[in-house]
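Here is my note on the structure, written as numbered points. Please keep the model open while you read.

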Amino acid sequence: YRRAATLGVIENKLLCNAVLKSLGVPVADTIYGAFASDALGPWPKYDRNEYIKAIARHIRAAPRAGFVVKSLTDAGSENILVVRKPTDSVRADLIRTADGAC
């Protein structure tokens with residue numbers, strides 16, 4: 001299935017997000033999205049400091065809103081962190097997740 005270009009775009013969550021938005025389909029907000037090695041479409045190259053700032057902004061703006069951190073480079077979906085009640089105490093786990101993913 002990974003040989004077809006269309007399925008490859010749809011399989012990638014960030015690229016799928018961009019396609020769906022361009023078609024006017026509602027999608028969940030992305031707090032931070034980036035690619036590990038190069039920018040692609042509207043998504044920049046991963047920047048650790050920008051990731052940390054984005055998470056901190058989200059926690060300040062919506063302190064009761066949970067979120068999910070998922071590495072797009074982890075095709076096995078093993079590197080997932082579910083934050084039910086974001087606080088500054090989870091910041092170290094979020095940074096560890098990002099550092100291990102990229």
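1. Start with the charges. The structure holds 1 salt bridge. Such a bridge is a side-chain nitrogen of Lys or Arg within 4 Å of a carboxyl oxygen of Asp or Glu. Here Glu50 is joined to Lys53, and their closest N and O atoms are 3.2 Å apart. Both sit in helix H3 (residues 48-61); they are 3 residues apart, so about one helical turn separates them. Glu50 is partly exposed, at 33% relative accessibility. Lys53 is also partly exposed, with a relative accessible area of 43%. The cut-offs are these: buried is under 20% relative accessible area, exposed is over 50%, and partly exposed lies in between (1.4 Å probe, protein chains only).

2. A word on the source. This is a predicted model, in which local features need pLDDT of at least 70 and side-chain atom pairs count only at pLDDT 80 or more, while totals for chains, interfaces and linings use all residues. Residues are numbered from 1 along each chain as its sequence is written, and side-chain values use heavy atoms, with hydrogens and water left out.

3. Now the overall plan. The chain has 4 helices and 2 strands. Along the sequence they follow the pattern α-α-α-β-β-α. Helices (H or I, at least four residues) and strands (E, at least two) are DSSP runs, numbered from the N terminus. Of the 102 residues in the chain, 28% are buried. The chain exposes about 7100 Å², and carbon and sulfur atoms supply 55% of that. Accessible areas come from the Shrake-Rupley method with a 1.4 Å probe; for residues, only the protein chains shown count as cover.

4. Next, the contacts (heavy atoms within 4.5 Å). Take those in the chain with a separation of 6 or more: residues 24 or more positions apart account for 32% of them.

5. Look at the two strands. E1 (residues 67-70) and E2 (residues 80-83) pair in the antiparallel sense over 4 bridges. Two strands pair if DSSP finds at least two bridges between them. Which residue of E2 does Val69 stand opposite? It is Leu81. In E1, Phe67 and Val69 form the covered face, while Val68 and Lys70 form the uncovered one. Side chains alternate along E2 as well.

6. Turn to the aromatic rings. The whole structure has 3 aromatic pairs. In Tyr32 and Tyr46, the ring centres are 6.3 Å apart and the planes stand at 75 degrees, so this pair is edge-to-face. Both residues lie in the loop between helix H2 (13-22) and H3, 14 residues apart. Tyr32 is partly exposed at 22% relative accessible area, whereas Tyr46 is buried at 18%. The rings of Tyr32 and Tyr51 have centres 5.9 Å apart and planes at 70 degrees, so they too are edge-to-face. Tyr32 is in the loop between H2 and H3 and Tyr51 is in helix H3, so this pair ties together parts 19 residues apart in sequence. Tyr51 is buried, at 7% relative accessibility. Ring pairs link Tyr32, Tyr46 and Tyr51 into a cluster. The rule: rings of Phe, Tyr and Trp (its six-membered ring) pair if their centres lie within 6.5 Å; planes under 30 degrees apart are stacked, over 60 edge-to-face, and the rest tilted.

7. Leu23 is in the loop between H2 and H3. It is exposed, at 63% relative accessibility.

8. Finally, find Asn17 in helix H2. Is Asn17 buried or exposed? Asn17 is buried, with a relative accessible area of 9%. Leaving aside neighbours within four places in sequence, Asn17 is in contact with Val27, Ala28, Thr30 and Trp43.
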